[in-house]
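Dear colleague,

I am handing over the structure below, and I would be grateful if you could look through it with the notes that follow.

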Amino acid sequence: MKTLKIAIQKSGRLNEKSVELLKNCGLNFENYKSSLISPVSNFPLEILFLRDDDIPEYVQDGIADLGIVGENMIEETEVDVNYLQRLGFGKCTLKIAIPNNSDIQQLSDFNGKAIATSYPAILEKFLAKNDIKADVRMISGSVEISPGLGLSDAIFDIVSTGGTLKSNGLKPFTDVMSSEAILIGNKNVERPELIEELIARIQSVLRAKETKYVVLNVNRDNLEKVLALLPGVKSPSVIPLAEADWVAVHTVVPERDFWDKISQLKQAGAQGIIVMPIEKIIA
Ligand code: PRT
Ligand code: ZN
(Lines give C-alpha, C1' and ligand atoms only; values in the text may rest on other atoms or scores of the structure.)
(Ligands and ions follow the chains in the order given, each with its own letter.)
Protein backbone atom coordinates (compact mmCIF):
# COMPACT_ATOMS: atom_id res chain seq x y z
CA MET A 1 0.00 0.00 0.00
CA LYS A 2 1.14 3.54 -0.72
CA THR A 3 3.20 5.32 1.91
CA LEU A 4 2.22 8.95 2.34
CA LYS A 5 4.79 11.71 2.09
CA ILE A 6 4.78 14.93 4.09
CA ALA A 7 7.11 17.78 3.11
CA ILE A 8 8.48 20.01 5.87
CA GLN A 9 11.15 22.71 5.89
CA LYS A 10 14.67 21.29 6.06
CA SER A 11 16.10 24.18 8.04
CA GLY A 12 14.81 27.61 8.93
CA ARG A 13 12.08 29.12 11.03
CA LEU A 14 9.48 26.38 10.57
CA ASN A 15 11.74 23.33 10.82
CA GLU A 16 11.95 22.87 14.58
CA LYS A 17 8.23 23.41 15.29
CA SER A 18 7.23 21.15 12.38
CA VAL A 19 9.45 18.33 13.67
CA GLU A 20 8.19 18.87 17.23
CA LEU A 21 4.55 18.75 16.10
CA LEU A 22 5.02 15.50 14.17
CA LYS A 23 6.92 13.92 17.09
CA ASN A 24 4.14 15.00 19.48
CA CYS A 25 1.74 13.18 17.16
CA GLY A 26 3.59 10.02 18.13
CA LEU A 27 5.49 9.71 14.85
CA ASN A 28 8.84 8.06 15.25
CA PHE A 29 11.54 9.25 12.84
CA GLU A 30 15.16 10.32 12.70
CA ASN A 31 15.71 14.01 12.16
CA TYR A 32 19.09 13.82 10.43
CA LYS A 33 19.98 17.21 9.01
CA SER A 34 21.84 15.54 6.17
CA SER A 35 19.03 13.39 4.84
CA LEU A 36 16.36 14.52 2.40
CA ILE A 37 13.95 11.80 3.36
CA SER A 38 13.22 10.07 6.63
CA PRO A 39 10.86 7.09 7.06
CA VAL A 40 8.45 7.04 9.99
CA SER A 41 8.78 3.66 11.72
CA ASN A 42 5.29 3.50 13.26
CA PHE A 43 3.04 5.14 10.63
CA PRO A 44 2.94 4.67 6.82
CA LEU A 45 4.56 8.05 6.22
CA GLU A 46 7.83 9.47 4.94
CA ILE A 47 9.12 12.93 5.81
CA LEU A 48 10.68 14.97 3.02
CA PHE A 49 12.97 17.80 4.14
CA LEU A 50 12.85 20.64 1.59
CA ARG A 51 13.35 24.37 1.05
CA ASP A 52 10.08 26.05 1.99
CA ASP A 53 9.91 27.56 -1.52
CA ASP A 54 9.52 24.09 -3.04
CA ILE A 55 6.85 22.73 -0.68
CA PRO A 56 3.68 24.28 -2.23
CA GLU A 57 4.41 22.98 -5.74
CA TYR A 58 5.56 19.55 -4.53
CA VAL A 59 2.21 19.16 -2.77
CA GLN A 60 0.21 20.53 -5.69
CA ASP A 61 1.97 18.14 -8.08
CA GLY A 62 1.59 15.13 -5.79
CA ILE A 63 5.30 14.54 -5.17
CA ALA A 64 4.32 15.01 -1.53
CA ASP A 65 0.78 14.31 -0.29
CA LEU A 66 1.03 16.78 2.56
CA GLY A 67 3.15 19.77 3.48
CA ILE A 68 3.78 22.20 6.31
CA VAL A 69 4.53 25.71 5.09
CA GLY A 70 3.75 29.38 5.77
CA GLU A 71 0.44 30.64 4.34
CA ASN A 72 2.45 33.40 2.69
CA MET A 73 4.21 30.81 0.51
CA ILE A 74 0.87 29.34 -0.58
CA GLU A 75 -0.52 32.77 -1.45
CA GLU A 76 2.63 33.70 -3.28
CA THR A 77 2.92 30.54 -5.37
CA GLU A 78 -0.87 30.51 -6.03
CA VAL A 79 -0.95 26.73 -5.91
CA ASP A 80 -4.13 24.68 -5.94
CA VAL A 81 -4.00 22.63 -2.73
CA ASN A 82 -6.30 21.79 0.17
CA TYR A 83 -5.93 23.89 3.32
CA LEU A 84 -6.18 21.22 6.01
CA GLN A 85 -5.21 22.74 9.34
CA ARG A 86 -3.76 25.96 10.71
CA LEU A 87 -0.91 25.08 13.04
CA GLY A 88 -0.49 28.11 15.31
CA PHE A 89 3.25 28.66 14.83
CA GLY A 90 5.37 30.70 12.39
CA LYS A 91 3.04 33.63 12.92
CA CYS A 92 3.96 36.83 11.10
CA THR A 93 2.48 39.73 9.16
CA LEU A 94 3.37 40.84 5.65
CA LYS A 95 3.62 44.60 5.65
CA ILE A 96 4.50 47.46 3.39
CA ALA A 97 7.13 49.56 5.16
CA ILE A 98 8.64 52.93 4.31
CA PRO A 99 11.75 54.83 5.42
CA ASN A 100 11.23 56.89 8.59
CA ASN A 101 11.79 60.08 6.60
CA SER A 102 9.55 59.09 3.67
CA ASP A 103 7.01 61.61 2.38
CA ILE A 104 4.53 58.81 1.59
CA GLN A 105 1.36 59.46 3.62
CA GLN A 106 -1.44 57.57 2.01
CA LEU A 107 -1.86 54.53 -0.21
CA SER A 108 -2.31 56.61 -3.35
CA ASP A 109 1.16 58.10 -2.79
CA PHE A 110 2.57 54.71 -3.90
CA ASN A 111 1.56 55.45 -7.51
CA GLY A 112 4.80 55.57 -9.50
CA LYS A 113 6.90 54.47 -6.52
CA ALA A 114 9.20 51.42 -6.41
CA ILE A 115 8.54 48.69 -3.80
CA ALA A 116 11.09 45.91 -3.25
CA THR A 117 9.85 42.48 -2.16
CA SER A 118 10.35 38.73 -2.24
CA TYR A 119 6.56 38.32 -2.49
CA PRO A 120 5.66 40.05 -5.78
CA ALA A 121 2.45 38.07 -6.41
CA ILE A 122 0.86 38.96 -3.05
CA LEU A 123 1.94 42.58 -3.42
CA GLU A 124 0.68 42.90 -7.03
CA LYS A 125 -2.70 41.55 -5.95
CA PHE A 126 -2.91 44.05 -3.10
CA LEU A 127 -1.91 46.97 -5.32
CA ALA A 128 -4.37 45.97 -8.05
CA LYS A 129 -7.18 45.72 -5.50
CA ASN A 130 -6.39 49.23 -4.32
CA ASP A 131 -5.92 50.57 -7.83
CA ILE A 132 -2.29 51.55 -7.27
CA LYS A 133 0.25 51.46 -10.07
CA ALA A 134 3.62 50.98 -8.44
CA ASP A 135 6.84 49.42 -9.68
CA VAL A 136 7.24 46.05 -7.93
CA ARG A 137 10.89 44.99 -7.74
CA MET A 138 11.60 41.35 -6.96
CA ILE A 139 14.53 40.85 -4.58
CA SER A 140 15.22 37.40 -3.17
CA GLY A 141 16.85 38.37 0.13
CA SER A 142 17.69 41.31 2.44
CA VAL A 143 14.77 43.32 1.10
CA GLU A 144 15.05 45.68 4.07
CA ILE A 145 18.30 47.24 2.86
CA SER A 146 16.95 48.25 -0.53
CA PRO A 147 15.54 51.72 0.35
CA GLY A 148 18.85 52.63 2.02
CA LEU A 149 20.68 51.66 -1.16
CA GLY A 150 18.35 53.82 -3.23
CA LEU A 151 16.87 50.75 -4.95
CA SER A 152 13.30 51.35 -3.86
CA ASP A 153 11.01 53.80 -2.07
CA ALA A 154 9.45 51.15 0.13
CA ILE A 155 9.52 47.45 0.90
CA PHE A 156 6.96 44.71 1.28
CA ASP A 157 8.21 41.99 3.61
CA ILE A 158 7.50 39.68 6.50
CA VAL A 159 7.56 41.32 9.91
CA SER A 160 7.36 39.59 13.26
CA THR A 161 8.96 41.64 16.05
CA GLY A 162 9.59 44.69 13.86
CA GLY A 163 13.26 44.75 14.91
CA THR A 164 14.55 44.36 11.36
CA LEU A 165 12.49 47.32 10.14
CA LYS A 166 13.66 49.48 13.02
CA SER A 167 17.33 48.71 12.61
CA ASN A 168 17.08 49.64 8.93
CA GLY A 169 15.39 53.00 9.53
CA LEU A 170 12.00 51.76 8.29
CA LYS A 171 8.50 51.93 9.74
CA PRO A 172 5.38 49.92 8.95
CA PHE A 173 2.93 51.63 6.63
CA THR A 174 0.17 49.04 6.24
CA ASP A 175 -0.53 45.35 6.92
CA VAL A 176 -1.34 43.29 3.85
CA MET A 177 -1.75 39.75 5.22
CA SER A 178 -1.13 37.74 8.32
CA SER A 179 0.30 34.27 8.11
CA GLU A 180 1.01 31.18 10.14
CA ALA A 181 2.21 27.69 9.37
CA ILE A 182 -0.46 25.53 7.80
CA LEU A 183 -0.90 21.89 6.85
CA ILE A 184 -1.73 21.58 3.16
CA GLY A 185 -2.71 18.52 1.16
CA ASN A 186 -2.75 17.41 -2.45
CA LYS A 187 -6.20 17.68 -4.04
CA ASN A 188 -6.28 14.08 -5.33
CA VAL A 189 -4.97 12.43 -2.24
CA GLU A 190 -4.90 8.64 -2.21
CA ARG A 191 -5.30 7.55 1.38
CA PRO A 192 -7.80 9.99 2.94
CA GLU A 193 -8.32 7.80 6.02
CA LEU A 194 -4.65 8.08 6.96
CA ILE A 195 -4.73 11.82 6.44
CA GLU A 196 -7.81 12.07 8.66
CA GLU A 197 -5.95 10.10 11.33
CA LEU A 198 -2.97 12.43 11.13
CA ILE A 199 -5.16 15.55 11.26
CA ALA A 200 -6.99 14.14 14.30
CA ARG A 201 -3.65 13.61 16.04
CA ILE A 202 -2.48 17.12 15.14
CA GLN A 203 -5.73 18.60 16.47
CA SER A 204 -5.38 16.73 19.74
CA VAL A 205 -1.87 18.11 20.18
CA LEU A 206 -3.01 21.67 19.33
CA ARG A 207 -6.01 21.47 21.68
CA ALA A 208 -3.77 20.26 24.48
CA LYS A 209 -1.45 23.24 23.94
CA GLU A 210 -4.37 25.61 24.40
CA THR A 211 -5.27 24.26 27.82
CA LYS A 212 -3.75 23.49 31.19
CA TYR A 213 -4.72 20.81 33.65
CA VAL A 214 -5.48 22.38 37.02
CA VAL A 215 -5.89 20.64 40.37
CA LEU A 216 -6.95 22.66 43.39
CA ASN A 217 -8.25 22.16 46.90
CA VAL A 218 -11.27 23.96 48.23
CA ASN A 219 -13.48 23.89 51.30
CA ARG A 220 -16.98 22.60 50.53
CA ASP A 221 -18.34 26.00 51.63
CA ASN A 222 -16.58 27.62 48.67
CA LEU A 223 -17.05 24.80 46.19
CA GLU A 224 -20.03 26.31 44.41
CA LYS A 225 -18.23 29.63 43.91
CA VAL A 226 -15.18 27.83 42.50
CA LEU A 227 -17.26 25.65 40.16
CA ALA A 228 -19.12 28.71 38.91
CA LEU A 229 -15.80 30.01 37.62
CA LEU A 230 -15.34 26.93 35.46
CA PRO A 231 -18.36 27.11 33.16
CA GLY A 232 -16.52 26.04 30.02
CA VAL A 233 -15.68 22.64 31.40
CA LYS A 234 -18.22 19.83 31.03
CA SER A 235 -18.01 18.53 34.56
CA PRO A 236 -14.91 19.01 36.66
CA SER A 237 -14.03 16.04 38.88
CA VAL A 238 -14.67 16.73 42.57
CA ILE A 239 -12.80 14.34 44.84
CA PRO A 240 -13.15 14.13 48.65
CA LEU A 241 -9.96 14.68 50.65
CA ALA A 242 -8.84 13.01 53.88
CA GLU A 243 -9.63 16.22 55.71
CA ALA A 244 -13.42 16.41 56.06
CA ASP A 245 -15.11 19.41 54.36
CA TRP A 246 -12.31 19.71 51.81
CA VAL A 247 -12.37 18.49 48.24
CA ALA A 248 -9.97 18.48 45.28
CA VAL A 249 -11.22 19.82 41.95
CA HIS A 250 -9.58 18.58 38.73
CA THR A 251 -10.29 20.60 35.62
CA VAL A 252 -8.86 22.10 32.44
CA VAL A 253 -8.46 25.83 31.92
CA PRO A 254 -7.89 27.56 28.56
CA GLU A 255 -4.40 29.01 28.22
CA ARG A 256 -5.70 32.35 26.94
CA ASP A 257 -7.47 33.38 30.16
CA PHE A 258 -5.28 31.32 32.43
CA TRP A 259 -3.88 33.99 34.79
CA ASP A 260 -7.23 35.74 35.18
CA LYS A 261 -8.88 32.45 36.00
CA ILE A 262 -6.26 31.47 38.54
CA SER A 263 -6.55 34.72 40.47
CA GLN A 264 -10.35 34.48 40.45
CA LEU A 265 -10.13 30.90 41.72
CA LYS A 266 -7.81 31.99 44.54
CA GLN A 267 -10.19 34.75 45.55
CA ALA A 268 -13.04 32.25 45.58
CA GLY A 269 -11.14 30.14 48.12
CA ALA A 270 -9.08 27.74 46.00
CA GLN A 271 -5.83 26.62 47.63
CA GLY A 272 -2.82 24.48 46.74
CA ILE A 273 -3.35 25.08 43.03
CA ILE A 274 -1.28 22.78 40.83
CA VAL A 275 -1.01 23.47 37.10
CA MET A 276 0.19 20.84 34.64
CA PRO A 277 0.74 20.81 30.89
CA ILE A 278 -1.50 18.49 28.90
CA GLU A 279 0.07 16.28 26.26
CA LYS A 280 -3.01 15.40 24.21
CA ILE A 281 -6.78 15.86 24.31
CA ILE A 282 -8.62 13.23 22.30
CA ALA A 283 -11.99 14.54 21.17
O1 PRT B 1 15.81 27.90 3.41
P2 PRT B 1 14.37 28.11 3.13
O3 PRT B 1 14.09 28.65 1.75
O4 PRT B 1 13.56 26.87 3.45
O5 PRT B 1 13.87 29.19 4.21
P6 PRT B 1 13.68 30.77 4.08
O7 PRT B 1 14.94 31.42 4.54
O8 PRT B 1 13.11 31.15 2.76
O9 PRT B 1 12.50 31.01 5.13
P10 PRT B 1 12.55 31.26 6.70
O11 PRT B 1 13.02 30.03 7.40
O12 PRT B 1 13.20 32.56 7.02
O13 PRT B 1 10.96 31.46 6.96
C14 PRT B 1 10.06 30.43 6.76
C15 PRT B 1 8.67 30.94 7.05
O16 PRT B 1 8.60 31.40 8.40
C17 PRT B 1 8.20 32.15 6.25
O18 PRT B 1 7.73 31.80 4.96
C19 PRT B 1 7.09 32.69 7.14
O20 PRT B 1 5.88 31.99 6.88
C21 PRT B 1 7.55 32.35 8.55
N22 PRT B 1 8.08 33.50 9.32
C23 PRT B 1 7.64 33.87 10.56
C24 PRT B 1 9.06 34.35 8.98
C25 PRT B 1 9.21 35.27 10.03
N26 PRT B 1 8.33 34.94 11.00
C27 PRT B 1 10.22 36.31 9.92
N28 PRT B 1 10.35 37.12 10.85
N29 PRT B 1 9.85 34.43 7.86
C30 PRT B 1 10.78 35.39 7.77
N31 PRT B 1 10.99 36.34 8.74
C32 PRT B 1 12.10 37.33 8.47
C33 PRT B 1 11.66 38.50 7.57
O34 PRT B 1 11.80 38.15 6.21
C35 PRT B 1 12.61 39.60 7.97
O36 PRT B 1 13.86 39.48 7.34
O37 PRT B 1 12.53 37.94 9.65
C38 PRT B 1 12.80 39.33 9.45
C39 PRT B 1 11.83 40.16 10.22
O40 PRT B 1 11.76 39.73 11.54
P41 PRT B 1 11.57 40.76 12.74
O42 PRT B 1 11.36 39.92 13.94
O43 PRT B 1 12.83 41.58 12.81
O44 PRT B 1 10.36 41.60 12.44
ZN1 ZN C 1 12.65 30.01 1.22
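**Ser 179 and its contacts**

The side chains of Ser 179 and Asn 72 are joined by a polar contact of 3.1 Å, a polar contact being a pair of N or O atoms within 3.5 Å, of which, within protein, one must be able to donate a hydrogen and the other to accept it, while residues adjacent in sequence count only if both atoms are side-chain atoms. Please bear in mind that this is a predicted model, in which local features need pLDDT of at least 70 and side-chain atom pairs count only at pLDDT 80 or more, whereas totals for chains, interfaces and linings use all residues. Residues are numbered from 1 along each chain as its sequence is written, chains are lettered from A and ligands numbered from 1 in the order in which they are written, and side-chain values use heavy atoms, with hydrogens and water left out.

Ser 179 belongs to strand β10 (residues 170-179), where strands (E, at least two residues) and helices (H or I, at least four) are DSSP runs numbered from the N terminus. Ser 179 counts as buried because its relative accessibility is 5%, buried meaning under 20% relative accessible area with a 1.4 Å probe and protein chains only. Leaving aside residues up to four places away in sequence, Ser 179 touches Gly 70, Glu 71, Asn 72, Gly 90, Lys 91, Cys 92 and Leu 94, with contact taken as heavy atoms within 4.5 Å.

**Ligand 1**

Asn 72 is also among the closest of the 23 residues that surround ligand 1, together with Arg 51, Thr 161, Gly 162 and Thr 164; a residue is included if one of its heavy atoms lies within 4 Å of the ligand. At least two residues of this shell come from each of α3 (71-77), β9 (154-159) and α5 (163-167), and β9 gives the largest share, three residues. Oxygen atoms of ligand 1 lie 2.9 Å from an N or O atom in the side chain of Gln 9, 2.8 Å from a polar backbone atom of Arg 13 and 2.8 Å from a backbone N or O atom of Ser 160. Taken alone, ligand 1 exposes 840 Å², of which the protein buries 78% (Shrake-Rupley method, 1.4 Å probe).

**Ser 204**

Helix α6 (residues 192-209) holds Ser 204, which counts as buried because its relative accessibility is 3%. Beyond residues up to four places away in sequence, Ser 204 touches Glu 279, Lys 280, Ile 281 and Ile 282.

With best regards

Methods:
Buried < 20%, exposed > 50% of the residue type's maximum accessible area, 1.4 Å probe, protein only.
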